[in-house]
Amino acid sequence: MFVLTLNRARLRQIGVGAMCCAVVVCSALLGRYISTRTVETAASPGGRIESAQDIQTWFTGYGLEVDGASITADKVKIPRKWDDSFSAFNEVVAQSGLDLSRYKGKTVEKWQALIPSASNGQESCYGVLLVYKKKPVGAYLLAKPSGVVTGLGDAQAAMADAQQEAAAAAASQEAAASVPAEAAAQLQEAQESTAPYIDLPLDANGYPVE
């Protein structure tokens, strides 16, 4: 029978080594957890808003790229008493998962940023984010100069439809372009396989004969 004997010094060395390994493993896991949480927080639309960079990150979470150089901030007051139009406006805001009903009578920050991909020669589209104590409380899209307000949900659906239509149009154009090319290739092949008119012998009436 084989018996392993260890003295106290050896046991102490093994214990210290095991403790160091445990510390290294725990540190690696903790670092990975913190890194993952940092990425999730940065990408989360519900994160704290403290700078223009946070505005860009917030809208990016909804698939909207904003022009950082165009970002402006102002202050507005949420009405204490709502009429039907403002209630309808809050329903538009609700598409972003936010609600202004808890902030009646409060003064909030109004951040605006141009969305180039949703703008054209007639209208400029802006993403608007309402912030109270560094917390997002409302969001929508605003078209200028028309003043049309759109919810983020409707905007995302419209962008998806536009992308599908663009892809279908591109596929249709590619298919249409290939038809003349195929026809031209067939004509070229027919011309190459047929003797030229002037090379054929002519009969007494001037018609080609083979």
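Proline 145 sits in the loop that links strand S4 (135–144) to strand S5 (149–150). The model is a predicted one.

**Overall layout**

The protein chain has four helices and five strands. Along the sequence, the elements run α-α-β-α-β-β-β-β-α. The protein chain holds 210 residues, and 22% of them count as buried.

Lysine 133 is not a glycine, yet its phi is positive, at about 50 degrees. Lysine 134 also has a positive phi, near 65 degrees, and is likewise a residue other than glycine.

How exposed is each side of this lysine pair? Lysine 133 counts as exposed because its relative accessibility is 68%, and the cut-off for exposed is over 50%. Lysine 134 has a relative accessible area of 41%, so it is classed as partly exposed.

**A positive patch**

Lysine 133 also takes part in a surface feature. Together with Lys77, Arg80 and Lys106, Lys133 forms a positive surface patch.

Where does arginine 80 lie? Arginine 80 is in the loop between strand S1 (72–77) and helix H3 (84–93). Its relative accessibility is 59%, so arginine 80 counts as exposed.

| Residue | Relative accessibility | Class |
|---|---|---|
| Arginine 80 | 59% | exposed |
| Lysine 133 | 68% | exposed |
| Lysine 134 | 41% | partly exposed |

**The buried face of H2**

Now the helix H2, which covers residues 52–60. Which residues of H2 are buried? They are Ile55, Trp58 and Phe59. Viewed down the axis of H2, these buried residues fall within an arc of 90 degrees, so they line one face of the helix.

**In brief**

In H2, the buried residues Ile55, Trp58 and Phe59 line one face of the helix.

Technical notes: Residues are numbered from 1 along each chain as its sequence is written. This is a predicted model: local features need pLDDT of at least 70, side-chain atom pairs count only at pLDDT 80 or more; totals for chains, interfaces and linings use all residues. Side-chain values use heavy atoms; hydrogens and water are left out. Patches are made of residues with over 30% relative accessible area and no salt bridge: like charges are joined within 9 Å, nonpolar side chains (Val, Leu, Ile, Met, Phe, Trp, Tyr) within 5 Å. Accessible areas come from the Shrake-Rupley method with a 1.4 Å probe; for residues, only the protein chains shown count as cover. A salt bridge is a side-chain nitrogen of Lys or Arg within 4 Å of a carboxyl oxygen of Asp or Glu. Lys and Arg count as positive and Asp and Glu as negative; His and the chain ends are not counted. The place of a charge is taken as NZ of Lys, CZ of Arg, CG of Asp or CD of Glu. Helices (H or I, at least four residues) and strands (E, at least two) are DSSP runs, numbered from the N terminus. Buried means under 20% relative accessible area, exposed over 50%, partly exposed in between (1.4 Å probe, protein chains only). The arc is that of the directions from the helix axis to the C-beta atoms.
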